[in-house]
Amino acid sequence: QSAPMTLIINNLLAGDQQASDELLPMLYSQLRNLAYSLMTDSPAGNTLQPTALVHEAYLRLNPELPKGWDSRGHFYAAAAQAMRNILVDQARRKKAVRHGSQLRRSGIEPDEIAFDTGDVDILDLNKALQDLEALDERMAKVVMLRFFTGLSIPETAQAMEISTPTVQRIWRTARAFLFTQMEDSPDSLLENPHEL
């Protein structure tokens, strides 16, 4: 896997936007496999924290990344999108089962891992995020990094290469926007499942 990963990242650095589409499925697969391996060692009902999962994935992928490239910012952006996909897919499956789907699974599936998302409805959040992305991509990226990878405000600032006060300001505005967009938005959205 090392050669394809390095090639894709080198293509990204060369400005190939399509390389991002190739990196995401590889990262998504890595996160699913990592989540599954971590779940097998966890007690039943335990939740995985996104930050721990993403940091572990970064450490595992890091040797495959080109030397001299600070890939942390791009990695966390891709990881946030992968985590969002995992949670949205999981929420859609659960909703389908509640509405009479006869699909049955046996054993633990990587997409059925219990991530701690508080009281936030992932499908509502995903729709609100799509609206936010259409208005302000940078604001949406802050939400992605904070919510789906669990980065702190200083870590988000470092990943995006902007100041901590800027991230704080964007985060406050983004939360207010999401709160107005989401039906039955819980107070936990304003508090955030991660520290402020």
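User: Let's start with the overall fold. How many helices and strands does the protein chain have?

Analyst: Happy to start there. Keep in mind that this is a predicted model. The protein chain has nine helices and zero strands, so reading from the N terminus its elements simply run α-α-α-α-α-α-α-α-α.

User: What share of the residues of the protein chain counts as buried?

Analyst: Buried means under 20% relative accessible area. By that cut-off, 44% of the 196 residues in the protein chain are buried.

User: Now a single helix. Which residues of helix 7 are buried?

Analyst: Helix 7 covers residues 153-160, and its buried residues are I153, T156, A157, A159 and M160. Now look down the helix axis: those buried residues fall within an arc of 165 degrees, so they line one face of helix 7. Just after the helix, E161 takes a positive phi of about 60 degrees.

User: Could we zoom in on T156? Which residues does T156 touch, leaving aside those up to four places away in sequence?

Analyst: T156, which lies in helix 7, touches V142, L145, R146, L151 and V167. Its relative accessible area is 0%, so T156 counts as buried.

User: R146 is on that list. Where does the charged end of R146 sit?

Analyst: The charged end of R146 sits over the ring of W171, 4.7 Å from the ring centre.

User: What describes a pair of aromatic rings?

Analyst: You need two values: the distance between the ring centres and the angle between the ring planes. This structure holds two aromatic pairs. In one of them, the rings of F75 and Y76 have centres 5.6 Å apart and planes at 75 degrees, so the pair is edge-to-face. The cut-off behind that label is an angle over 60 degrees. F75 and Y76 are both buried.

User: What about F147 and F148: how is their pair arranged?

Analyst: F147 and F148 also pair edge-to-face, with 5.1 Å from centre to centre and 75 degrees between the planes. Both F147 and F148 are buried.

Note on methods:
Residues numbered from 1 in each chain as written. Predicted model: local features only at pLDDT ≥ 70, side-chain atom pairs only at ≥ 80, totals over all residues. Heavy atoms only, no water. Buried < 20%, exposed > 50% of the residue type's maximum accessible area, 1.4 Å probe, protein only. Helix = DSSP H or I, 4+ residues; strand = E, 2+ residues; numbered from the N terminus. Arc of directions from axis to C-beta. Phe/Tyr/Trp six-rings, centres within 6.5 Å; stacked < 30°, edge-to-face > 60°. Lys NZ or Arg CZ within 6 Å of the ring centre and 35° of its normal. Contact = heavy atoms within 4.5 Å.
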